[in-house]
Amino acid sequence: MARKLKLSVVLLALQVLFLILFGVFFTYAKTPATVVRLYSYFQDVHVMIFVGFGFLMTFLKRYGYSAIGYNLLIAAMTIQWASIVNGLWSMLVMEGTPADHWGFSIGFIVNMDFATATVLISFGAVLGKTGPTQLLIMALLETAFSQVNKWLGLAKLKVEDAGESMFIHMFGAYFGLTVARILHNDNASENKKEASSYNSDIFSMIGTIFLWVFWPSFNAALAHGGDQERAILNTYYSMAACTVIAVALSVATDPKGKISMVHVQNATLAGGVAMGTAARMPIGVWLAALVGAVAGVLSLVGFQFLSPALKKLKIHDTCGVHNLHGLPGIWGALVGALGAILAGFEGWNKSMYSIFPAMIPEGADWHHFNHTHHPVARSAMEQGGYQLLMLVVTLILAIVAGAITGFVMKLPIWDSPNEDHLFDDSEKWNMAEEGVEEHHSNNANSAGHHELDAKV
Amino acid sequence: MARKLKLSVVLLALQVLFLILFGVFFTYAKTPATVVRLYSYFQDVHVMIFVGFGFLMTFLKRYGYSAIGYNLLIAAMTIQWASIVNGLWSMLVMEGTPADHWGFSIGFIVNMDFATATVLISFGAVLGKTGPTQLLIMALLETAFSQVNKWLGLAKLKVEDAGESMFIHMFGAYFGLTVARILHNDNASENKKEASSYNSDIFSMIGTIFLWVFWPSFNAALAHGGDQERAILNTYYSMAACTVIAVALSVATDPKGKISMVHVQNATLAGGVAMGTAARMPIGVWLAALVGAVAGVLSLVGFQFLSPALKKLKIHDTCGVHNLHGLPGIWGALVGALGAILAGFEGWNKSMYSIFPAMIPEGADWHHFNHTHHPVARSAMEQGGYQLLMLVVTLILAIVAGAITGFVMKLPIWDSPNEDHLFDDSEKWNMAEEGVEEHHSNNANSAGHHELDAKV
Amino acid sequence: MARKLKLSVVLLALQVLFLILFGVFFTYAKTPATVVRLYSYFQDVHVMIFVGFGFLMTFLKRYGYSAIGYNLLIAAMTIQWASIVNGLWSMLVMEGTPADHWGFSIGFIVNMDFATATVLISFGAVLGKTGPTQLLIMALLETAFSQVNKWLGLAKLKVEDAGESMFIHMFGAYFGLTVARILHNDNASENKKEASSYNSDIFSMIGTIFLWVFWPSFNAALAHGGDQERAILNTYYSMAACTVIAVALSVATDPKGKISMVHVQNATLAGGVAMGTAARMPIGVWLAALVGAVAGVLSLVGFQFLSPALKKLKIHDTCGVHNLHGLPGIWGALVGALGAILAGFEGWNKSMYSIFPAMIPEGADWHHFNHTHHPVARSAMEQGGYQLLMLVVTLILAIVAGAITGFVMKLPIWDSPNEDHLFDDSEKWNMAEEGVEEHHSNNANSAGHHELDAKV
């Protein structure tokens, strides 16, 4: 098989497999009805996955085609693959008949977009250092592992993770960092192509801002009523506070007291990550803002001090996902555990049982609160313990899964980039001809214009 | 009249005409109430028209102002003109009192945005080769013709075309290609300015991605309940499958096995076009994904093999609308016909009558299913025949109307671009002064910076 | 305190203050329930504030980081500060218990985004001529003043201003112009860096188009039912008409008959501003379109003739906010006054009392129409008079508040930019290394490529 056709063959084989599995197993869900309430949240999340993550990664001056193109390709593959993994998994291990699980609905595709986010976070850690076939292999394995982790959390440990600080952000970050460690290449560490240009920095801000504005929808998409409104408000104020702190510390930690675009592009979003687990909890807006402010501190400390340290450990994190998703994800998980311990305090009311169904007392009419969980009658302290346990489980599973995946990706059968083409589109993409000389400008008004246009 | 003022005079005259006609005929619709359910779909479609189509066409390195600027101008004119055409047309030929037709509502403006999409597709075929006044003339005539075609389909042939594979995509594409044939200019065929730059390719991806994420809303906007949820799900999976196949074939058909941005920008969207007619039909997600996969194949075959052939026939298609809208539109229409033939099979239930009101049996309480159609009691096979008939009608009408319009546009009284300014903003736009030398940079930190900034 | 840390200290101090005040005073609103209906409007407005305003201001070729970065920073600060100002203000002066006012809800955060818009308009007037700390000071003072003005309008003069032509657009514009006058610097008036590049003009269009498509949501966000649908329709047609006229006059007033991007970027939006006050009124779509068309005329006249005149008066308006927000805002306020005078004419029905609660007759069951206002029984003519009075109050208050704020900003204790760094990111931002020479391109396919990439 010619090297050049690897990507084609893998993509075609996967798509044929997906078509067969869709045909054999799936139907439309029996009870649609979710469409009116959920669809605008779905669309906000959809914009985050394709526009937000895609453009956020266009910050490298020579890797823009790959950033936005691979993001689209991987996401288009992963939403299909995650559909199959989820249907299969839920049929194998969860309650109900097969028809309950192999059913498409708006709620289902929100979760497919969520599953894709996990992979795109890991993509950020290895951006510029992998070929597209390698990325597809990563997406296939990571999706299987991440959905097992999420199932452990929801079905077994019965934890709350509304905006998925653990299931998505922590998992994606530590999985990706482990892959980056295993694929480590000395040429990637000090590479002059790993830099932004003025325009690529602004393209990247398209991603940042769309992620920023729609993050409340991400954290609130699958909540209901008052829980949903709180998730929106908590995330809104958390992100605002995080942004103020991130810029303050970008200046304070810079030798010349200047602001860095990398912080504005990334650290300003840490408040959304950190508010994930506790999004629905009635912790009060002041605490939500504090959670965001601390996330901003953690993210800046990560960028300025931890990333250089990780680099010495041969963990080269292209997009800084440790600072945007890893540390703020852990912080969000801790906040969630603390929130669980405080459950039942003033202001919780019935939300306690909708958020932590495992706390529903035995003998209670638990169907009233939650249709899918039986009463377990955990105490608040116990629930907090389970939340912490899930933090640890996620960390371990992400690293183990990342290691396995990294070794598979390292096999010399894929399409890892030529040493000379790290952070460089030109090996895999037909390039625009902006470098070709042009001698026929007709614009008499601006001398030198023709020379220029060729370079814009 | 000075040549330079043509555009001004045409625009002012049209706007005065619109104001008078709005004042004489239109009122707010009597039964608003559509706002809550429809408005978020409207907004998604609105983003597609203005952001999606607008940025998709910014891929030419010297034609970005025109792409995004003319898109805005033509759309702003066409939503008004289409309002008048639709009001007039529905008053003349359809049932009900005048007040039913000259009424503005959210549902009405969704249809106005749809009408505009048709024109913007044709704009893609002639991008870079026409002046703005010519484009306005095209928009005026095309809108009148396309609304007749849609009326024939809905009111006379009683066909289903929820996402308008025929009414919008096929019509816009074959109309635009016919105009391009008639305006053919040898200088346009091999023009060095018809090329992208690195940045213009990424700007274009803004359009692609927003079209990609909101296409489910386009196909589902005017459906209801379960039909609407199915339209969303079918389109979501169709687009995912199409994207995977489009990239696979971009690599497979490239001599060096590289991916081309033009395919990522365009062919990835063919799954949305192809799912248009059958969007609401309960064909199963596996078939929806197959429809998208085939659309990806057709689009790639179009770009790699058909476009060069068309060029020899003097049909120069700047944006490749034949590959994104033409071929996938025909494929979508065929899928719709096949869907109609299969209507009544398992899973259809009552959707059969909401989707194909002409199949409502005589004697049935048809008001229950559909308020605007009388029972005709077509068989599924007959409905399929009518769907095929509409495909042919659309093709013929688009080509005839495009020919008439092309000859009007070719009249030497408009503002067709100077031969030297094909694919070039500078004839009609005041250009940014980035070409002017600058000698007063104050940035001591980066030698050579001043020379650069002037060129960024 | 080192000069470089000023921004950090101000930001940290403000965020700590916000956390304390949130903790002491605020709770979640008692009656959420607004989430389903309002949230998609909120998100549209949120995109306008962060994407729309942010990218609109990236048109300067060397000030893109600052435009998009300060926009995010100021907005993140202002939504928190406005929350406090509003809570405090409504507690001090309006009816009800404290708990009614210090409550977060979706409706509340829509208003916080609105308050932020006011500040971002003023930012446009001083773009490139202030440091970030100065901008924060401006945002703090302006928000306090603008909320007083809005309170005067709503609670005291009981005027209608649904899309806030007066409260937001006029206030933001005249406040900003006054600040610009006071900060006047001769070096800013004829500065070669105050120019766009080809790419910066297209980046700016991202802002324009998102503002354009979501403006109907802005004007309709806080309306209900039929009033809301009318606000959407009026704004949709007003913007379309304005765009047609703006382009017509851009050509007509240009010496060479060319279109200018600055007009496409800004004047096309004037129809949304002008439709603000009267958005909910049943004035008929033809009149809405006429309002937009006149706004287009005013905006173009402003750009071509008034802006140069203002410059001679030492009022240098970087973004042309006078032409986009000032003049069209006054025009919108006048239209609103005229609409009030016509209230009660055919088509108004019950909307008269939901729009103008002060017109509810004494003895009427006013709770039926409006829960927060007592009947005053104004005549339509009186209501029109109050609308005009509010126009004058807004103008005076904006100018007085702008003068006070301008003098505070002029104090030499802040971070006004070095004379050499007007309209230049490089003083406050770490710049991308695109100016550094690169001699190690590996792309054998394109000669000269390496020289280029460094400059893209």
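How many residue pairs are in polar contact between chain A and chain C? The count is 21, with both residues at pLDDT 80 or more; a polar contact is a pair of N or O atoms within 3.5 Å, one able to donate a hydrogen and the other to accept it, and residues adjacent in sequence count only if both atoms are side-chain atoms.

This is a predicted model, where local features need pLDDT of at least 70, side-chain atom pairs count only at pLDDT 80 or more, and totals for chains, interfaces and linings use all residues. Residues are numbered from 1 along each chain, chains are lettered from A in the order written, and side-chain values use heavy atoms, without hydrogens or water.

**Stop 1: chains A and C.** Select both sides of the contact (heavy atoms within 4.5 Å): 69 residues from chain A and 74 from chain C. Together the chains bury about 6400 Å², 68% of it on carbon and sulfur atoms. Here buried area is the accessible area (1.4 Å probe) lost on being put together, summed over both parts. Now pick Tyr198(A), Glu229(A) and Tyr236(A): they supply 12% of what chain A buries against chain C, more than any other three residues.

**Stop 2: Thr143(B).** Move to helix α6 of chain B, residues 132–156, which holds Thr143(B). Helices are DSSP runs of H or I, at least four residues, numbered from the N terminus. Thr143(B) counts as buried because its relative accessibility is 0%; the cut-off is under 20% relative accessible area (1.4 Å probe, protein chains only). Show its contacts beyond four places in sequence: Thr78(B), Trp81(B), Ala82(B), Val85(B) and Val119(B).

Definitions and conventions. Helices (H or I, at least four residues) and strands (E, at least two) are DSSP runs, numbered from the N terminus. Buried means under 20% relative accessible area, exposed over 50%, partly exposed in between (1.4 Å probe, protein chains only). Buried area is the accessible area (1.4 Å probe) that two parts lose on being put together, summed over both.
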